[in-house]
Amino acid sequence: MRLQKDTPLKVLFFSSFFFFGLFKEYAACLYTGLWGLYLFVFTGKKKEWKFYLNQESLSVLIITAFYFLSCLYGIDKGMSLIGAMRMLGVAFFMVLAMQLSEEGRNRLLTLVPWIGVCMTIIGILSKPFAPIRDFFYVADRLGGFFQYPNVYALFCLTGILIVAKEREEKHVPKTWLTIFQVIVLMSGIMLSGSRTVFFLVVGAAVVAAVRRKEMRIPVLIGLAAVLVLSLAYVAVSGNYQNVGRFLTASFSSSTLIGRIIYARDGLSLLLSHPFGLGYLGYYYLEPEIQTAFYSVRFIHNDFLQLALDVGVLPCILFAVMYLKNIFSKRHSFWERLILGVIGLHFLVDFDLEFISVWYLLIILLQVDHGKEVQISAEKQRAAGFAAVRICAAVLALAALYFGCAMIPRYVGNPGLSSRLLPLYTESNVETLVREDDADTAETLAKKIQKQNRYIAEVYDVLSVTAYQRGDYEEMISDKKKSLSLQKYNMEAYERYVRRLAQAIEVESQANRADTTVYLLEAVAEVPVILENVEKGTDELAYRTRDIPDFTLDEDIQEYIESVRQLLGS
């Protein structure tokens, strides 16, 4: 039974891109709930639905299953479950997409250029108004409702290629409307300042011109116009941050070198954790294994990020499936080109962390082929049918609860989110940082520690409470763990030395010589810790914008030197 009235699906699909592209955990979980309830209602009305077994569907199901499995062994089991709920929405959407006809699928694709056009126009109009502008722009680069310029730019490029696909496959004549779409979407790409997407535009244009003779003149005119206008903009404004940013591209750029370092660090981590770390596991472990001064939530490579989340096997299955689709004759030239462009961008960014990008991908992959499995409410299958519907409804309601429980954190009340969803580590940490009462902070820190042993703020709090108790051994142990999770943060080392100095003063006044010497030795050890961090720093780190600096404040250096002289070291 095909999904005939697909208006609710279209509304949810369309709106998901305007809801931060479902990047934020609460937004993705809310949509998981909505898709699950829609699936429950749809199957109740139709009494049957189809599921297709193919590489695409198996890949999505295996990835979703491994996200749930990672809850058993992930770095943070609570956040792993939230990550699984995010991905579950993709599986729900895939099942609904299987019920679409080819015409219904094309209707969804046709929405993509218009979504990009709407985002671009709204972004341009917001520029003069500071409060609104800050929502759409990041460092003067347009990010649309994604609030991330690179993914927004890729979305605009996908929209342009879909317009070209519609023109050729449906024999739609060139009209002012299609020209308007292309101009607006290209403007969005240039205002995003995404160098990678700009070069993907050039590459896609060259491929299209080679394969389609009728495209050669429009492509040549279009690229020339973009280049001339960009140079003129830079000459007049002197601004290389958005429109002219592609002119600053080089193989020695800080951005490119940074991504190489991320990949090196991520691969070394993957070798020791081939089954993955669960959702955000890489983010929590990153400070301990990083070899340069950086802080990224995701690794800027979707394939590597997938492996770090759920393991090597699901990543390989996904990559093989994706590569086969790029060269599959089941897809038209334009579909293969779109998949190829998106796949190349996967190598340098984290597009798939925007769950709505998964929705677009599923529509492009055309998941309604392969072995068809009919799931219906017939007597002999009624029990299984009911079980699947109930399971979908229960998971949907759970996802809605997760999403609603996370909202307070995003509006400045992390404490409420922590009470509603105790496994939500992000809100727990924010609540911990805001807590003024020492006993309450210590209790919360220990609670977070049981769920996640890789959060510097937890050990900072435990170190302070240990100091207040006079337990200097525990204080030093906790602070060293904290430093290992923020090893390029010189202020953390300085705070540590000052705290040790306070303890030394107290102990020396009390004539406790052994304890005083123990604390003095801890001070003398700080340069050794920094020296080891410097030795472990990648040489490429010194070619990035954020060059590691291991210099402590002058007064701290002088104090450490006096301590070392006192100890004779």
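Start with the whole chain: among contacts (heavy atoms within 4.5 Å) between residues at least 6 apart in sequence, 71% join residues at least 24 apart. This is a predicted model, where local features need pLDDT of at least 70, side-chain atom pairs count only at pLDDT 80 or more, and totals for chains, interfaces and linings use all residues. Residues are numbered from 1 along each chain as its sequence is written, and side-chain values use heavy atoms, with hydrogens and water left out.

Stay zoomed out. The C-alpha trace spans about 90 × 70 × 45 Å along its principal axes. Of the 569 residues, 54% count as buried, meaning under 20% relative accessible area with a 1.4 Å probe, protein chains only.

Now switch to cartoon view. The chain holds 25 helices and four strands. These are DSSP runs, numbered from the N terminus: helices are H or I with at least four residues, strands E with at least two.

Next, select residues 254-272. This is helix α11, with 19 residues. At 1.5 Å a residue it should span 27 Å, and its end C-alpha atoms are 28 Å apart, which agrees. The expected span is 1.5 Å times one less than the number of residues.

Which residues of α11 are buried? Colour S254, I257, G258, R259, I261, Y262, D265, G266, L269 and L270. An α-helix has 3.6 residues a turn, so residues three or four places apart point the same way.

Conventions
Buried < 20%, exposed > 50% of the residue type's maximum accessible area, 1.4 Å probe, protein only.
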